[in-house]
Amino acid sequence: MVSLLAGSTVTVSSCQSAIAGAEARFKTAAAKLRVVGSDGRFVYATDDRGIRRIDPNTGAVTSLLPGGQFAPATASVAIAGRYLYAVNNVNGGLAKIDLGSGPATVINSSVTGAIAADDANVWIITGTTLLKINPANGQATTISSQVPTNGYAPTAAISAGSYLYVDVRTSGTSNYTKTIRVAKSNGAGVTLTPNFGNVAGFASDNTGLFVADGGLKTVA
(Lines give C-alpha, C1' and ligand atoms only; values in the text may rest on other atoms or scores of the structure.)
Protein backbone atom coordinates (compact mmCIF):
# COMPACT_ATOMS: atom_id res chain seq x y z
CA MET A 1 0.00 0.00 0.00
CA VAL A 2 1.30 3.46 -0.94
CA SER A 3 0.01 6.56 0.81
CA LEU A 4 0.72 10.26 0.54
CA LEU A 5 3.30 11.22 3.16
CA ALA A 6 3.37 14.98 2.72
CA GLY A 7 2.52 17.81 0.40
CA SER A 8 0.38 18.78 -2.52
CA THR A 9 -0.01 16.28 -5.34
CA VAL A 10 -0.16 19.05 -7.93
CA THR A 11 2.47 21.44 -9.26
CA VAL A 12 2.40 24.77 -7.43
CA SER A 13 4.16 28.07 -8.00
CA SER A 14 5.58 28.32 -4.49
CA CYS A 15 6.59 26.12 -1.58
CA GLN A 16 6.17 26.19 2.17
CA SER A 17 7.03 24.32 5.34
CA ALA A 18 4.16 22.75 7.27
CA ILE A 19 3.53 21.15 10.64
CA ALA A 20 1.11 18.70 9.02
CA GLY A 21 1.86 16.71 5.91
CA ALA A 22 -1.09 17.71 3.73
CA GLU A 23 -0.36 21.41 4.32
CA ALA A 24 3.10 21.29 2.73
CA ARG A 25 3.62 22.54 -0.81
CA PHE A 26 6.35 21.46 -3.20
CA LYS A 27 7.38 23.38 -6.31
CA THR A 28 7.96 20.97 -9.18
CA ALA A 29 7.86 23.05 -12.34
CA ALA A 30 11.41 22.12 -13.42
CA ALA A 31 11.62 18.57 -12.05
CA LYS A 32 9.73 16.00 -10.04
CA LEU A 33 10.13 15.81 -6.28
CA ARG A 34 13.25 13.71 -5.61
CA VAL A 35 13.88 11.71 -2.43
CA VAL A 36 17.63 11.86 -1.69
CA GLY A 37 17.94 9.77 1.48
CA SER A 38 17.32 9.34 5.17
CA ASP A 39 19.30 9.67 8.38
CA GLY A 40 17.12 7.16 10.22
CA ARG A 41 14.83 9.86 11.64
CA PHE A 42 13.78 12.00 8.69
CA VAL A 43 13.42 11.63 4.94
CA TYR A 44 15.11 14.28 2.78
CA ALA A 45 13.95 15.40 -0.65
CA THR A 46 14.63 18.15 -3.18
CA ASP A 47 12.28 20.22 -5.31
CA ASP A 48 12.71 23.43 -7.32
CA ARG A 49 13.11 25.42 -4.10
CA GLY A 50 15.83 23.39 -2.38
CA ILE A 51 16.10 20.69 0.29
CA ARG A 52 13.09 19.60 2.34
CA ARG A 53 13.10 17.50 5.54
CA ILE A 54 10.05 15.27 6.03
CA ASP A 55 9.03 13.59 9.28
CA PRO A 56 7.76 10.13 8.24
CA ASN A 57 5.63 9.85 11.37
CA THR A 58 3.66 13.08 10.95
CA GLY A 59 4.41 14.24 7.41
CA ALA A 60 5.67 17.58 8.77
CA VAL A 61 7.93 19.35 6.27
CA THR A 62 10.79 21.78 6.96
CA SER A 63 12.85 23.66 4.36
CA LEU A 64 16.60 23.32 5.03
CA LEU A 65 18.27 25.06 2.11
CA PRO A 66 15.72 27.08 0.14
CA GLY A 67 16.45 28.90 -3.08
CA GLY A 68 16.16 26.39 -5.90
CA GLN A 69 19.92 26.16 -6.33
CA PHE A 70 20.08 22.43 -7.08
CA ALA A 71 20.11 21.47 -10.75
CA PRO A 72 17.21 18.99 -11.05
CA ALA A 73 18.95 16.69 -13.53
CA THR A 74 22.08 16.28 -11.37
CA ALA A 75 22.64 14.23 -8.21
CA SER A 76 23.24 17.31 -6.04
CA VAL A 77 22.61 15.98 -2.50
CA ALA A 78 24.10 13.08 -0.51
CA ILE A 79 23.72 11.86 3.08
CA ALA A 80 26.42 10.06 5.07
CA GLY A 81 25.78 9.36 8.75
CA ARG A 82 24.76 12.55 10.55
CA TYR A 83 25.77 14.85 7.70
CA LEU A 84 24.05 16.03 4.54
CA TYR A 85 26.16 17.43 1.69
CA ALA A 86 24.72 19.59 -1.07
CA VAL A 87 26.29 20.97 -4.23
CA ASN A 88 24.99 24.27 -5.59
CA ASN A 89 25.03 23.44 -9.29
CA VAL A 90 23.86 26.91 -10.33
CA ASN A 91 26.27 29.20 -8.50
CA GLY A 92 28.88 26.68 -7.31
CA GLY A 93 29.78 25.55 -3.82
CA LEU A 94 29.56 22.57 -1.47
CA ALA A 95 27.58 22.91 1.78
CA LYS A 96 27.66 20.59 4.80
CA ILE A 97 24.77 20.29 7.28
CA ASP A 98 24.93 18.57 10.66
CA LEU A 99 21.52 16.90 10.66
CA GLY A 100 21.52 16.68 14.42
CA SER A 101 22.00 20.32 15.25
CA GLY A 102 23.93 22.52 12.89
CA PRO A 103 23.17 25.07 10.17
CA ALA A 104 24.61 24.80 6.68
CA THR A 105 28.34 25.52 6.36
CA VAL A 106 29.98 26.10 2.98
CA ILE A 107 33.17 24.02 2.93
CA ASN A 108 34.13 24.59 -0.72
CA SER A 109 32.94 27.72 -2.50
CA SER A 110 33.42 26.73 -6.13
CA VAL A 111 32.94 23.01 -6.77
CA THR A 112 30.07 21.72 -8.95
CA GLY A 113 28.97 18.29 -10.13
CA ALA A 114 27.23 15.12 -8.97
CA ILE A 115 27.83 14.03 -5.40
CA ALA A 116 28.11 10.89 -3.28
CA ALA A 117 29.45 10.54 0.25
CA ASP A 118 30.70 8.02 2.79
CA ASP A 119 31.92 8.29 6.38
CA ALA A 120 35.39 9.43 5.30
CA ASN A 121 35.02 11.51 2.14
CA VAL A 122 32.73 13.36 -0.21
CA TRP A 123 33.02 12.36 -3.87
CA ILE A 124 32.14 14.67 -6.74
CA ILE A 125 32.09 13.92 -10.46
CA THR A 126 32.24 17.00 -12.63
CA GLY A 127 32.47 16.30 -16.35
CA THR A 128 34.97 13.44 -16.59
CA THR A 129 36.81 14.39 -13.39
CA LEU A 130 36.50 12.59 -10.05
CA LEU A 131 37.24 14.71 -6.98
CA LYS A 132 37.74 13.49 -3.41
CA ILE A 133 36.69 16.16 -0.92
CA ASN A 134 37.85 16.29 2.69
CA PRO A 135 34.59 16.92 4.61
CA ALA A 136 36.44 18.68 7.44
CA ASN A 137 37.91 21.50 5.36
CA GLY A 138 36.56 21.11 1.81
CA GLN A 139 39.98 20.49 0.26
CA ALA A 140 39.60 18.80 -3.14
CA THR A 141 41.96 16.16 -4.54
CA THR A 142 41.71 15.07 -8.18
CA ILE A 143 41.59 11.28 -8.41
CA SER A 144 41.11 11.05 -12.19
CA SER A 145 40.24 13.23 -15.16
CA GLN A 146 39.18 10.29 -17.33
CA VAL A 147 36.01 8.96 -15.70
CA PRO A 148 33.84 7.49 -18.53
CA THR A 149 30.78 9.71 -18.04
CA ASN A 150 30.57 10.97 -21.64
CA GLY A 151 31.12 14.39 -20.09
CA TYR A 152 27.60 14.57 -18.63
CA ALA A 153 26.82 15.14 -14.95
CA PRO A 154 25.38 11.97 -13.39
CA THR A 155 21.67 12.02 -12.57
CA ALA A 156 22.17 9.66 -9.63
CA ALA A 157 25.17 8.60 -7.54
CA ILE A 158 25.86 6.43 -4.51
CA SER A 159 28.91 5.29 -2.53
CA ALA A 160 29.16 1.58 -1.72
CA GLY A 161 32.39 0.10 -0.41
CA SER A 162 35.35 0.83 -2.68
CA TYR A 163 33.16 2.06 -5.55
CA LEU A 164 30.82 4.79 -6.66
CA TYR A 165 27.80 3.84 -8.77
CA VAL A 166 26.63 6.61 -11.08
CA ASP A 167 24.06 6.99 -13.81
CA VAL A 168 25.02 8.95 -16.93
CA ARG A 169 23.42 9.77 -20.26
CA THR A 170 24.59 7.80 -23.27
CA SER A 171 24.50 10.86 -25.56
CA GLY A 172 23.47 14.50 -25.57
CA THR A 173 20.29 13.80 -27.53
CA SER A 174 19.33 10.45 -25.96
CA ASN A 175 16.94 9.85 -23.08
CA TYR A 176 18.76 6.60 -22.35
CA THR A 177 21.32 6.28 -19.59
CA LYS A 178 23.83 3.73 -18.36
CA THR A 179 25.07 2.79 -14.92
CA ILE A 180 28.81 2.74 -14.36
CA ARG A 181 30.87 1.54 -11.41
CA VAL A 182 33.73 3.90 -10.62
CA ALA A 183 36.70 2.86 -8.47
CA LYS A 184 37.39 5.39 -5.72
CA SER A 185 41.09 4.61 -5.90
CA ASN A 186 41.73 5.64 -9.51
CA GLY A 187 38.46 6.64 -11.20
CA ALA A 188 38.40 3.63 -13.51
CA GLY A 189 34.86 2.95 -14.73
CA VAL A 190 33.05 -0.21 -15.79
CA THR A 191 29.63 -0.16 -17.48
CA LEU A 192 27.16 -2.37 -15.63
CA THR A 193 23.80 -1.89 -17.28
CA PRO A 194 22.99 0.08 -20.45
CA ASN A 195 19.70 1.53 -21.61
CA PHE A 196 18.04 2.84 -18.50
CA GLY A 197 16.07 6.03 -18.82
CA ASN A 198 16.06 9.06 -16.52
CA VAL A 199 17.38 7.33 -13.39
CA ALA A 200 16.54 9.46 -10.34
CA GLY A 201 18.17 7.49 -7.55
CA PHE A 202 20.09 4.49 -6.27
CA ALA A 203 19.91 2.50 -3.05
CA SER A 204 21.94 -0.45 -1.79
CA ASP A 205 21.59 -3.08 0.93
CA ASN A 206 25.26 -4.15 0.47
CA THR A 207 24.03 -7.09 -1.58
CA GLY A 208 22.45 -5.48 -4.62
CA LEU A 209 22.10 -2.06 -6.21
CA PHE A 210 18.52 -0.88 -6.62
CA VAL A 211 17.67 1.62 -9.36
CA ALA A 212 14.66 3.95 -9.51
CA ASP A 213 13.93 4.10 -13.23
CA GLY A 214 10.19 4.19 -13.89
CA GLY A 215 10.04 1.07 -11.75
CA LEU A 216 12.37 -0.71 -9.34
CA LYS A 217 15.19 -2.67 -10.94
CA THR A 218 18.10 -4.59 -9.44
CA VAL A 219 21.64 -4.40 -10.74
CA ALA A 220 24.03 -7.16 -9.71
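## A tour of salt bridges and an open sheet

Select D98 first: this residue is buried, with a relative accessible area of 15%. Buried denotes under 20% relative accessible area, exposed over 50%, and partly exposed the range in between, computed with a 1.4 Å probe on protein chains only.

The model is predicted, so local features require pLDDT of at least 70 and side-chain atom pairs count only at pLDDT 80 or more, whereas totals for chains, interfaces and linings use all residues. Residues are numbered from 1 along each chain as its sequence is written, and side-chain values use heavy atoms, with hydrogens and water left out.

**Stop 1: R82 and D98**

R82 and D98 form a salt bridge, with 2.4 Å between the closest N and O atoms. The two residues belong to distant parts of the chain, 16 residues apart: R82 is in the loop between β5 (77–80) and β6 (83–87), and D98 is in strand β7 (residues 94–98). A salt bridge here is a side-chain nitrogen of Lys or Arg within 4 Å of a carboxyl oxygen of Asp or Glu. Strands (E, at least two residues) and helices (H or I, at least four) are DSSP runs numbered from the N terminus. In contrast to buried D98, R82 is partly exposed, at 48% relative accessible area.

**Stop 2: R41 and D39**

How many salt bridges does a search of the whole structure find? The search finds four. Another of them joins R41 to D39, with the closest N and O atoms 3.1 Å apart. R41 is partly exposed, at 43% relative accessibility.

**Stop 3: the open sheet**

Next, display β9 to β12. These four strands form an open, antiparallel sheet in the order β9-β10-β11-β12. Its edge strands, β9 (114–117) and β12 (140–144), each pair on one side only. From one strand to the next the twist averages 25°; the axes are lines fitted to C-alpha atoms, for helices over the stretch in contact, and angles run from 0 to 180 degrees between N-to-C directions. Two strands count as paired if DSSP finds at least two bridges between them. β9 and β10 (residues 122–126) run antiparallel and are joined by four bridges.

**Stop 4: D118 and K184**

Finally, select D118 and K184, whose side chains meet in a salt bridge at 2.7 Å, N to O. D118 sits in the loop between β9 and β10, and K184 in the loop between β15 (176–183) and β16 (189–197), so this pair ties together parts 66 residues apart in sequence. Are these residues buried or exposed? D118 is buried at 19% relative accessibility, and K184 is buried at 11%.
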